[in-house]
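Keep the 3D view open and follow along.

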Amino acid sequence: MAEVVVFHHLCGVTDGLRGFAEQLRAGGHTVHTPDLFEGERPPTLDEGLALTKRVGREVLRERADRAVAGLTDGLVYAGFSWGAATAQRLAQTRPGARGALLYEACLPVTGEWAVGPWPAGVPVQIHGMDADPFFALEGDIEPARELVGIAGSDLGELFVYPGDRHLFTDSTLPSYDAGATALVLRRSREFLDRLR
């Protein structure tokens, strides 16, 4: 059994995100879904981005750090879009990471935006759509390829699905893609099962 912390996207902890987490729990894994927005559910990405600016980057970072502070080492950090950056940061900087699941976003592991090197021996799985305006067209796919290359073929996986939707894994949003999400869930559970 793996212990997973799932960080939400800019629309907050939606019912769709909770449902995704529940699917991971059904595989016997412990899954936490901290709410960094403290109950706020922005209806759009733009409003979610405005909320992050209003709350402030440091406050949100502190909330994320507090969410994992009482948990044991050996966590799998997962995140959707905006939350993937938090998951990746913790996987790279908090000792004892067991793995990372990054959905629809990936930070660079080298260069100006990097938060540090990828830790040796930590597996990572990344998912996104090939024409997603954020993941593919704004450039997250290149850092994803780089990260998988650094992790190595035995520890790094990148899955790219056909489509132009962002947040395609959240069943409560109009961008939801049930077929792609079924594959994401299956592959995510397989990833977690390998960590048992």
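## A pair to start with

Which side chain meets that of R18 in a salt bridge? It's D15, with N and O 2.9 Å apart. Bear in mind that we're looking at a predicted model. R18 and D15 both belong to helix α1, which covers residues 15–25, and sit 3 residues apart, about one turn of the helix.

How open is this spot? R18 is partly exposed at 37% relative accessible area, while D15 counts as exposed at 56%.

Another one links the side chains of R25 and E22, at 3.1 Å from N to O. These two are also in helix α1, 3 residues apart, so about one helical turn separates them. R25 is partly exposed at 29%, and E22 is partly exposed too, at 45%.

Now hop over to helix α6 (residues 178–194), where R186 and E190 are 4 residues apart, again about one helical turn. Their closest N and O atoms are 3.2 Å apart in a salt bridge. R186 has a relative accessible area of 36%, making it partly exposed, and E190, at 35%, is partly exposed as well.

## The largest pocket

The largest pocket has a volume of about 1100 Å³. Its lining is made up of 28 residues, with R57, S81, W82, A85 and L107 nearest the centre. Helices α2 (45–55), α3 (57–69) and α4 (82–93) each give two or more residues to that lining, and α2 gives the most, with 5.

What is the lining made of? By type, it splits into 15 nonpolar, 4 polar and 9 charged residues.

How values were computed:
Residues numbered from 1 in each chain as written. Predicted model: local features only at pLDDT ≥ 70, side-chain atom pairs only at ≥ 80, totals over all residues. Heavy atoms only, no water. 1 Å grid on protein atoms, 1.4 Å probe; cavity = no way out; pocket = protein on both sides within 12 Å on 5 of 7 lines; lining within 4 Å. Points joined across faces, edges and corners; volume = space filled by probe spheres on them. Nonpolar A, V, L, I, M, F, W, Y, C, P; charged D, E, K, R; others polar. Salt bridge = Lys/Arg side-chain N within 4 Å of Asp/Glu carboxyl O. Buried < 20%, exposed > 50% of the residue type's maximum accessible area, 1.4 Å probe, protein only.
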